[in-house]
Amino acid sequence: MDHADIQRLLDESQIFLDRSTAALTEADSGFAPTPDTMPAVQILAHIAQAIDWLVDGAFVREDGFCTDFESHMALVRTCKSLDEARERVRAAYDGARATLREQSAERLASPLPEGPIMGGEPRVHVVEAIVDHTAHHRGALGVYARLCGRAPAMPYA
């Protein structure tokens, strides 16, 4: 996967997410279908946090991915508005594009540190992880929008 492919995949992922979640309004921020699920605002904040976490673990931290998931979720829970969550997502995608653009082909192909998260995989595979993880939550947020009486846009239109 070259730099053009990386940028295209990240751009598409962000566009599809934005289209899928545009129907959600600030009034929907706290909506969760059950008490044990994250509200819409936290899912969107989680998407942003995961993008940052994947890029950081692959290209910034020498020891790989931080597995202090409690602190990650604490940060997600600080987000209270969809506007703020959307800004976090925008900043995360922008940061991912910038960091990945700076990487040499050799660095992109180099293996991640051994461990439970993508251990030994080429670092560039975090792009696929970003796309897949975002798609997973994008679908959930589409259901949330429908449960709020809104019709999400077709992401690929």
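## A walk through the helices

Start by selecting His-137 and His-133: their side chains make a polar contact at 3.2 Å (a pair of N or O atoms within 3.5 Å, where one must be able to donate a hydrogen and the other to accept it, and residues adjacent in sequence count only if both atoms are side-chain atoms). You're looking at a predicted model, where local features need pLDDT of at least 70, side-chain atom pairs count only at pLDDT 80 or more, and totals for chains, interfaces and linings use all residues. Residues are numbered from 1 along each chain as its sequence is written, and side-chain values use heavy atoms, with hydrogens and water left out.

Stay on His-137, found in helix α6 (helices are DSSP runs of H or I, at least four residues, numbered from the N terminus). Is His-137 buried or exposed? His-137 is buried, because its relative accessible area is 11% (buried means under 20%, exposed over 50%, partly exposed in between, with a 1.4 Å probe and protein chains only). Leaving aside neighbours within four places in sequence, show what His-137 is in contact with: Ile-43, His-46 and Ile-47 (contact means heavy atoms within 4.5 Å).

Next, the rings. There are four aromatic pairs in the structure (Phe, Tyr or six-membered Trp rings with centres within 6.5 Å; planes under 30 degrees apart are stacked, over 60 edge-to-face, the rest tilted). Pick Phe-16 and Tyr-156, an edge-to-face pair with 4.8 Å centre to centre and 80° between the planes. Phe-16 sits in helix α1 and Tyr-156 in the segment after α6, so this pair ties together parts 140 residues apart in sequence.

Last stop: select Trp-53, Phe-65 and Phe-69, which form one aromatic cluster. Both Trp-53 and Phe-65 are buried.

Technical notes: Helix = DSSP H or I, 4+ residues; strand = E, 2+ residues; numbered from the N terminus.
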